[in-house]
Amino acid sequence: MGPKKILLLNGPNLNLLGTREPHIYGHETLSDIETRAVSQASSLGAELSFFQSNHEGALVDRIHQARIDGVEAIVINPAAFTHYSVALRDALTGVSIPFVEIHISNVHAREEWRHKSFLSDKAAGVICGLGTFGYKAAIEWCVEHLKAKENS
Ligand SMILES: O=C(O)[C@]1(O)C=C(c2cccc(Sc3ccccc3)c2)[C@@H](O)[C@H](O)C1
């Protein structure tokens, strides 16, 4: 049994992280987040890959590929797609890979339309409002979950 494979997905506009609205999304860039996630996963004995796209279909395709690649858990910040993407919901449920939905901001403390997620009821868990710490927590949960599943 090789290292556990985790995929980190980030949705539209997150490539702009750290450049605008730092009061909401912080100062870290997406690259900072991805680099730290790879290092954290490695220290936990897991293998993390990452992908960001502004295009819904590209994320759907990457989720399909995750199944082929033997990815065992997904951490996804769907960004705006959270609030309307049935396609992402269907892709994630279709590949039957457990996923953690993460939001840097507390979407429940923001505009009403950000309170609705098309993914949350299908997620293993949802983390929001903890800033980029949410990525760290989500990755740690995935590793623990996969280890527990292996030992069950
Ligand atoms: O809080 C989040 O992580 C969230 O998923 C992230 C979002 C997000 C992601 C990237 C950019 C923006 S808005 C923006 C656009 C340009 C520069 C800075 C921010 C919102 C929102 O669409 C979601 O409602 C909430």
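Let me start with one contact. An oxygen atom of the ligand sits 2.7 Å from a polar backbone atom of Ile 104. Keep in mind that this is a predicted model.

Stay with the ligand. His 103 places a polar side-chain atom 2.8 Å from an oxygen atom of the ligand. For Ser 105, an N or O atom in the side chain is 2.6 Å from a ligand oxygen. How much of the ligand does the protein bury? Taken alone, the ligand exposes 550 Å², and the protein buries 90% of that.

Now the shell. There are 16 residues around the ligand. Which of them come nearest? Asn 77, His 83, Ile 104, Ser 105 and Arg 114. By type, the shell divides into 8 nonpolar, 5 polar and 3 charged residues. As for the space that the ligand takes, that is the largest pocket.

Next, the strands. Ile 74 is in strand S3, which covers residues 73–77. Is Ile 74 buried or exposed? Ile 74 counts as buried, because its relative accessibility is 0% and the cut-off for buried is under 20%. Pro 98 is 24 residues away in sequence, yet the two C-alpha atoms are 6.4 Å apart in space.

Strand S2 spans residues 46–52, and Ser 49 is found there. With 28% relative accessibility, Ser 49 counts as partly exposed. Ser 49 and Ile 76 are 27 residues apart along the chain. Their C-alpha atoms are separated by 12 Å.

On to the backbone. Most residues other than glycine have a negative phi. Two residues here go the other way. Asn 13 is not a glycine, but its phi is positive, about 75°. Where is Asn 13? In the loop between strand S1 (4–10) and helix H1 (22–25). The second case is Ser 96. Its phi is about 55°, again positive, and Ser 96 is not a glycine either. Ser 96 lies in the loop that runs between helix H4 (86–95) and strand S4 (99–103). Ser 96 counts as exposed, because its relative accessibility is 55% and exposed means over 50%.

Another loop residue is Phe 118. Its loop lies between S4 and strand S5 (125–128). Phe 118 counts as partly exposed, at 24% relative accessibility. Compare its position with Phe 133.

Last stop, helix H5. The helix covers residues 133–150, and Glu 150 is part of it. How exposed is Glu 150? Partly, with a relative accessible area of 40%. Lys 5 is 145 residues from Glu 150 along the chain. Between their C-alpha atoms, the separation is 13 Å.

To wrap up, back to the ligand. Its oxygen atoms have polar atoms of His 103, Ile 104 and Ser 105 at the distances I gave. The protein buries 90% of the area that the ligand exposes when taken alone.

Terms used: Residues are numbered from 1 along each chain as its sequence is written. This is a predicted model: local features need pLDDT of at least 70, side-chain atom pairs count only at pLDDT 80 or more; totals for chains, interfaces and linings use all residues. Side-chain values use heavy atoms; hydrogens and water are left out. A residue is near a molecule or strand if one of its heavy atoms lies within 4 Å of it. A polar contact is a pair of N or O atoms within 3.5 Å; within protein, one must be able to donate a hydrogen and the other to accept it, and residues adjacent in sequence count only if both atoms are side-chain atoms. Accessible areas come from the Shrake-Rupley method with a 1.4 Å probe; for residues, only the protein chains shown count as cover. On a 1 Å grid over the protein atoms alone, a cavity is a set of points where a 1.4 Å probe fits but cannot get out, and a pocket is an open set with protein on both sides within 12 Å along at least five of seven lines; lining residues have an atom within 4 Å of a point. A molecule sits in a cavity or pocket if more than half of its atoms lie within 2 Å of its grid points. Ala, Val, Leu, Ile, Met, Phe, Trp, Tyr, Cys and Pro count as nonpolar, Asp, Glu, Lys and Arg as charged, and the others, Gly among them, as polar. Helices (H or I, at least four residues) and strands (E, at least two) are DSSP runs, numbered from the N terminus. Buried means under 20% relative accessible area, exposed over 50%, partly exposed in between (1.4 Å probe, protein chains only).
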